[in-house]
Amino acid sequence: MSEEHTAHPADERVVLEARGVSKHFPVRRGPRSLLGGPRRAVHAVDDVSLRLRRGSVTALVGESGSGKSTVARLLAQLYPLTSGEILLDGRPARAGRGRAFRAYCRHVQMVFQDPFASLNPVHTVRYHLTRALRIHGRAGNSRQETEAALAELLGRVQLTPAGRYLDSFPHELSGGQRQRVAIARALAADPRVLLADEPVSMLDVSIRLGVLNLLRDLKERLDLAILYITHDIASARYFADTTLVMYAGRMVEGGDSETVTQRPAHPYTRLLLASAPDPDRVTGGGDAGSAAPEDEDTDPAAGEPPSLISPPAGCRFHPRCPMAMERCRTQTPPRFDLDDGQWAACWLYDTPAAVPAGTSGASGTSGAGSEAAS
Ligand SMILES: Nc1ncnc2c1ncn2[C@@H]1O[C@H](COP(=O)(O)OP(=O)(O)OP(=O)(O)O)[C@@H](O)[C@H]1O
Ligand SMILES: [Mg+2]
């Protein structure tokens, strides 16, 4: 059985956890459906479990519409859950509104894709950061203390000297500087978790690395747990300790980033990698773009993600999967543990050999299966 499902292993580094989390958005009824019939919903996220650890970056990768942002918003408690649980420090967190939500935000902050949209164009950097410090009671008791806190925040995101930036408006900054201000604003809460939803995808390629390196530096210096959402699986390898792969609202594979990107187990991860060639992986000239030895049949362009209103039964990837078997059409695959902490939700690994030594082979596997069915 997968680590994420075991009762309570003593893992003190885990700060934020999602357990079997789902989010379904009801579809607004058209005139015809008002006459009756079942209420339809977008199955944006289904049965997602993940753990964020201090001092560690977890990448969440997947195509557009796979549910990545919804997972981040659920972790930030911006939406109520359809089912499942979010735990902060091992305790169920139900933020609600008002004071309880603010207390939650002190620990868990988000950074969005577009810093232009997330910063108010009529306000200066000083205004944005002072306001964030005040909300979280960290602006100090005097003007000097506020100035010191502002300078410290800008120093953390390497915008120095602070005086050069404090009275600038968002449009006077470069894209990279704006995103650094957005990160500084998130840090004003002194959070332990940063949920970064495609934090560099709107930035020029030339400055992406600088912002990712900044986040990595913050992870180390502030011991932050970072969720890094991206559809660029190559950047996950570079930047994240752990990589999780989502497809059509479900988590399909996870493990340390090096393993997942170099030895992808799930056919979908292979497809993702094959469509994002990585120079380190491709050795011969002739097989450029081929991610794994057995995937000659994989055409990265074949098919597209399914409707999330009536997602395919069984494995949601089966209509596109070159290795689909009969059971994939009807039975949802549970997580199967592979070596080195890697796992894949794929029936290909339903073999005793896939279960690591030390766990009870067949019973572990069938246990995971019955869990998924329940
Ligand atoms: N508030 C909402 N109401 C209805 N449907 C929604 C809502 N938010 C998201 N969805 C749907 O949920 C699914 C997942 O969306 P989500 O934004 O989480 O995907 P994503 O992986 O972040 O995609 P992208 O890479 O494009 O940002 C999509 O089908 C989307 O249309
Ligand atoms: Mg998104």
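**Note on the sheet and its helices**

1. In this predicted model, eight strands form an open sheet. Their order is E6-E7-E8-E3-E9-E10-E12-E11, and the pairing is mixed. Two strands sit at the edges: E6, residues 108-111, and E11, residues 336-337. Each of these pairs on one side only.

2. Look next at the E6 end. Strand E7 spans residues 193-197 and pairs with E6 in the parallel sense. Four bridges join E6 and E7. Which residue in E7 is the bridge partner of Val 108? The partner is Val 193.

3. A helix also packs on the sheet: H10, residues 267-274.

4. Now the helix pair. Packed helices are described by two quantities, the angle between their axes and the distance between the axes. For H6 (residues 175-187) and H7 (residues 205-222), the axes come within 10 Å. The crossing angle is roughly 20°. H6 is therefore roughly parallel to H7, since angles under 35 degrees count as such. The crossing of H6 past H7 is right-handed.

5. Which residues of H6 meet H7? On the H6 side they are Gly 175, Gly 176, Gln 179 and Arg 180. Facing them in H7 are Ile 207, Gly 210, Val 211 and Leu 214. By class, this H6 contact with H7 holds three nonpolar, four polar and one charged residues.

Methods
Residues numbered from 1 in each chain as written. Chains lettered and ligands numbered in written order. Predicted model: local features only at pLDDT ≥ 70, side-chain atom pairs only at ≥ 80, totals over all residues. Pairing = 2+ DSSP bridges. Contact = placed C-beta atoms within 7 Å. Axes fitted to C-alpha atoms, helices over the stretch in contact; angles between N-to-C directions. Parallel < 35°, antiparallel > 145°, perpendicular 65-115°, else oblique. Left-handed = near helix turned anticlockwise from the far one by under 90°. Nonpolar A, V, L, I, M, F, W, Y, C, P; charged D, E, K, R; others polar.
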